[in-house]
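These are my notebook entries on a single protein chain.

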Amino acid sequence: MSLRAAAQGLRWRLAAWVALVVVVTFAATFAIVYRGTGSQLRAQTDNELRGDATALTRIVQAASGSSVRIANTLARYVAGQSFATTSTVLFAVVPTVGIETNTPELFSRSVPDDGESAAVQRAENRLSGRLMSAPIGYSTQTLGEEGQFRVLKRSLQVPQVGAVLVGVGESLAPVSHAQQGVATAFIYAGAAALLIALLGSLLIGARLSRPLRRMAAVAARVDAGDLRPRIEPDASGGDRAFGGREIVVLAEAFNHMLDRLAEAFAGQREFIADASHELRTPLTVMRGQLEVLATQREPAAQEVRRVEGLVQAEISRLGRMVDDMLLLAKAEHSEFLRVEQVDLQSFLLEIWDGMTLVAQRRFELDEVPSGTLLADPDRLAQALRNLIGNAIEHTSSPHGLVRLRVEPAVGSSTSGHSLHFIVEDDGPGIPEDQLERVFDRFHRVDAGRDRASGGVGLGLAIVRAIAEAHGGSVVAGRAVGVGGARIVVQIPGFSPSAHRSPPDDDSVRRRSRLRAGSTSSRGDSSSRGDSSSRGGPPGRGGSVVARRHPAPLNGGGRHRER
């Protein structure tokens, strides 16, 4: 179901739920009021009957002595309690005398009075019979069409007279009429309330679903391929007033999702364009050289070897690019890392030994903390070699500074230390506006220089992927005091040793070293200009680098993208 259909259905579902709540509420209230009204009126009737019965009882007790005296006293009392005035039937049965009552027509007539129908007389006869046969105490007598009568009877033992039966009765028709009035009022009031609630819920539902309808319209345009529209807030502030903070948060989250989608699609298009361009360049070079070679009927052996070397170099560059792209793709998988406890000092000194052999630079390694790091040694070594190789490529020989420092992260807890691997150089640095983008795939600050040296702009992207796979991060900045680039990689999982081991003499010598070897073995051309064809800085064939933690450094990851 579409979002627009859901928004349309929301109004009716809201109206239906409101109607159901109103109906249930009115039904429960009606039941309570209806029963409460009947119970209250019946209790009031019982109190009146109890008062009348008590009055008759006192008269009988006061006039005790003979049946005649009791009957005469009762006759005078009931004569003043007319049924037409009180709507209460009073009667007393005195032994040897008979019945004294304020409604003698009920008990003494068997034929209709003048102007009275036979049906009315039969009803009166039924009522008198029910009153006389009612049990002692309270009882409710049903008389069919005549309704119900509430009766209270008492039996009194009078000396020298015997059992005197006194009784009072009152019709419950007023109670029924009151309950019917309550029911009628509730029916009209409930119908009006239900209608108002339905109209109000439809209006409120339409108001609440207005952002959803706008969202549906935006979603329809997005589904058609247009990622530009956004959900604009209601200028009148109605979204916040009627929908509350939730509607605003939903709209903001939806817009943020669209922003991320737009960025993702833009990044995907840029990645495809960059990858196509990077793949097309070596293919074009190889095709052009082969076409030139093909135009010669008998090319010279030197020319063939030149073309062969160039084609092999471009093929090697393509292979490194494909490897780097595959590595970045694998970085999103859970099997990307194989973590283990790595002895930090020996791990870094081994990497450092290999890196200081590839170029004439002023290499500086500060004191390395003693302890173990929970990490993938191959991936971490690859990231560090990428950074150090990057620094080598952007510093000058022989006095260019390449420095590695390892420091505990500020604020690390005892149970979970993090380390900062800081690589600094005194090269040209990274422009401020490129500090964030420098980690993007195929991004280069100096595109011409990096392509000429064999880089394709994937080195720092690989570093970031490895850092984030470890649960860490990487940031770029400017090196304080030297003015070059400063890359900081944060990796969690460091466990410091309880006792610091003193560094040996060889380690001290390796922390600050000026490399000025012979040009034949470590000349400038062999360390920089030929790095792309040899496979780059350490890891591609240097036996010193790959003694314990082999981690090849791909060509695309050796150069900082500046």
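I located Pro 398 in the loop between α11 and β9 (401–408); helices (H or I, at least four residues) and strands (E, at least two) are DSSP runs, numbered from the N terminus. A cis peptide bond, with omega about 5°, joins Ser 397 to Pro 398. I then looked up Thr 96, which sits in the loop between β1 (88–94) and β2 (98–101). Thr 96 is not a glycine, and its phi is positive, near 70°. I noted both sites because most residues other than glycine have a negative phi, and most peptide bonds are trans.

The model is predicted: local features need pLDDT of at least 70, side-chain atom pairs count only at pLDDT 80 or more, and totals for chains, interfaces and linings use all residues. Residues are numbered from 1 along each chain as its sequence is written, and side-chain values use heavy atoms, with hydrogens and water left out.

**Helix packing**

I examined α10 (residues 344–355) against α11 (residues 377–393): their axes come within 11 Å and cross at roughly 40°. Axes are lines fitted to C-alpha atoms, for helices over the stretch in contact, and angles run from 0 to 180 degrees between N-to-C directions. This crossing of α10 and α11 is right-handed; a crossing is left-handed if the near helix is turned anticlockwise from the far one by less than a right angle, and right-handed if clockwise. On the α10 side I listed Phe 347, Leu 348, Ile 351, Trp 352 and Met 355, which meet residues of α11 including Leu 380, Leu 384 and Ile 388; contact means heavy atoms within 4.5 Å. The contact of α10 with α11 comprises 11 nonpolar, 1 polar and 1 charged residues. Ala, Val, Leu, Ile, Met, Phe, Trp, Tyr, Cys and Pro count as nonpolar, Asp, Glu, Lys and Arg as charged, and the others, Gly among them, as polar.

I next followed α11 to α13, where the axes are 9 Å apart at an angle of about 145°. The crossing of α11 and α13 is left-handed. Among the contact residues are Ala 383 and Leu 387 of α11, with Leu 460 and Val 463 of α13. This contact of α11 with α13 has 7 nonpolar, 4 polar and 1 charged residues.

**Aromatic pairs**

I found 4 aromatic pairs in the whole structure (ring centres within 6.5 Å; planes under 30 degrees apart are stacked, over 60 edge-to-face, the rest tilted; Trp is taken by its six-membered ring). Phe 26 and Phe 186 are edge-to-face, 6.2 Å centre to centre with 75° between the planes. Phe 26 belongs to α1 (residues 3–62) and Phe 186 to α6 (residues 173–208), so the pair ties together parts 160 residues apart in sequence.
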